[in-house]
Amino acid sequence: PEAGLYLPFVVRAGVTNVAVAGTDRAVVELALAADRLVTGGDAVDARNLKRKARLTRRAGYDLILLAGEPLWLRGTGGSVGAKLFRRCRAALSDSGIVALHLDARALPTARFAAVARRFAAVFGEVQVWQTGPEDWLLVGAARPFEARADRMLGLFERREVTRDCARAGIRSLPEILACRVGDGPALASWLERTPAPPAGFGVWRAPRTAFPSGAADRLRAASLDTLRPEDNSWLRPGALDDAVRAALLEKAGVCAEARRRAASAFALREQGRGEDALRAAREAAGLHPSGVLLTPFGESLDLEGRRRIAIGDFKGALKCYEHLLSLQPGLARAHYGMAYCLRATGEAESAYLHFARAVAAAPAQVPYRLAFAQACSAVAEYAEADRQYEAALRQEPDNPEVLFRFARGLALAARPEKDFARAVRLAERACVVTRWRRPEYAYGLADLYLDAGRVLEGMGLKRRLKEGLPSESAVPGGKGGAR
């Protein structure tokens with residue numbers, strides 16, 4: 001049912017002759033529409049998709065991706081049954097693989113082990129991959145795995161693939177190789193140490209994993225740390241030099257160690273050892289700052305910072321963003337959060353510096369530019385404030401907030417050189433863009449008229465505002481404002 005989520009990437013990676021089965025047409029079309037919104041283009045023509053997959057002998061599939069619903073939902077047992085696995089194996093080509101995606105949210109370790117046993121019993125060769133904090137892949141094949149490193153690197157030369165990986169937090173091939181947790185012998189050894197669950201175990205055990213009392217049973221990133229593989233013979237150099245392959249594997253080893261430490265940070269945090277968890281996360285960030293497992297850790301700090309801002313605890317929020325910056329230096333939203341808190345606590349100079357860093361890290365974010373411009377005005381850097389407002393208007397010419405804030409900034413009382421004429425034009429434009437439905441903009445325009453010496457126009461506009469919001473034709477001069 002979740003195949004539509006992965007379909008655009010598969011096509012952009014160069015896979016042809018794709019079939020989608022076992023999911024509603026509307027679900028696939030919704031996933032494609034969401035991808036179109038993010039990427040700005042159509043990766044897949046839904047009309048050309050095959051809607052049936054024949055899992056029969058000699059069907060000759062090179063890849064079968066099983067992306068079922070989470071196993072805690074009723075009726076999902078068939079999606080991880082031995083019968084389906086046998087059908088998939090029969091339908092593979094000689095070098096084909098089957099990839100089973102498992103959502104680890106509320107997935108007990110024993111349930112994962114039961115699925116892995118059935119999977120390993122069908123496929124002669126098995127690998128375990130963890131592609132995200134809650135995303136696991138069991139990869140099976142009839143023959144020993146062989147992958148060519150030169151072809152993998154070739155994929156990253158495709159702009160579409162590079163962008164898809166960047167959206168997933170992946171920037172290089174070693175980061176992908178580090179997602180490999182273990183192979184068949186290592187998995188078999190782990191399964192021997194993991195007891196088989198009783199019948200009906202998942203029915204009552206899975207819901208408990210969502211609560212602290214049952215969290216110990218849930219599959220975590222650190223649950224399979226002992227599987228970390230030493231054998232990398234499956235990765236062939238292809239046309240690459242052996243030295244390049246060795247460099248790839250060395251970097252992958254560093255990334256894998258970073259993932260291990262990030263996984264331990266999650267486990268420590270669940271035990272209530274916040275400082276130890278943060279220390280482990282910093283160690284992971286020191287090895288590999290953009291690790292996939294660090295992303296949710298940073299997001300939780302950002303969320304806590306936002307929550308504290310909402311209740312007015314700016315000092316507590318500031319500490320959250322300091323921790324976030326220690327994990328991901330240069331992160332735009334962390335600098336922005338710090339600046340917001342510093343401004344609220346009266347530290348205008350420090351806020352100015354962090355707003356500047358946020359804009360430098362994310363120049364396309366208009367809200368960051370707007371906040372930076374206001375911070376510039378607060379420290380009397382009026383020329384820089386004007387440059388930021390103008391840059392924001394080049395990005396969004398009719399953003400009413402930018403127009404009005406710029407107008408106010410040009411007429412600040414503390415500003416030595418004011419430009420009332422331009423301020424009035426900008427404020428008029430803000431009122432027109434909002435169709436005079438924002439009273440603060442209209443009253444602000446009236447004040448600007450008064451400050452500019454246009455007393456009759458200012459008093460007249462205020463009188464009309466008290467009688468009711470005016471229309472565009474009520475603007476003095478009848479032109480509705482112009483930049």
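Biologist: What makes a residue of this protein count as buried, and what percentage of the 483 residues does so?

Modeller: Buried means under 20% relative accessible area, exposed over 50%, and partly exposed in between, with a 1.4 Å probe and protein chains only. By that cut-off, 46% of the 483 residues are buried. This is a predicted model, in which local features need pLDDT of at least 70 and side-chain atom pairs count only at pLDDT 80 or more, while totals for chains, interfaces and linings use all residues. Residues are numbered from 1 along each chain as its sequence is written, and side-chain values use heavy atoms, with hydrogens and water left out.

Biologist: How does the radius of gyration of the protein stand against that of a compact globule?

Modeller: The radius is taken over C-alpha atoms, and the globule rule is 2.2 Å times the number of residues to the power 0.38. For 483 residues the rule gives a value near 23 Å, but the protein has 29 Å. Along its principal axes the C-alpha trace spans about 90 × 55 × 55 Å.

Biologist: What makes a set of residues a nonpolar core?

Modeller: The members are buried Ala, Val, Leu, Ile, Met, Phe, Trp, Tyr and Cys residues joined through side-chain atoms within 4.5 Å. The largest such set has 72 residues, and Phe-297 and Leu-445 have the most contacts inside it. Its largest share, 8 residues, comes from helix H16 (residues 366-378). A second, separate core of 33 residues includes Val-80, Ala-91, Ala-116 and Leu-138.

Biologist: How do you know what span is expected of helix H19?

Modeller: Helices are DSSP runs of H or I with at least four residues, strands are runs of E with at least two, and both are numbered from the N terminus. The expected span is 1.5 Å times one less than the number of residues. H19 (residues 420-433) has 14 residues and reaches 20 Å from its first C-alpha to its last, close to the 20 Å expected. Its buried residues, including Glu-428 and Cys-431, pack against helices H17 (382-395), H18 (400-410) and H20 (439-451), contact meaning heavy atoms within 4.5 Å.

Biologist: Why is strand S4 called largely enclosed?

Modeller: Of the 7 residues of S4 (residues 135-141), 6 are buried, so the strand is largely enclosed by the rest of the structure.

Biologist: Which strands pair with S4, and what makes them a pair?

Modeller: Two strands pair if DSSP finds at least two bridges between them. S2 (residues 92-103) and S4 are antiparallel over 7 bridges, and 7 bridges also join S3 (residues 125-132) to S4 in the antiparallel sense. Both counts therefore meet the requirement of at least two. S3 and S4 form a hairpin with 2 residues between them.
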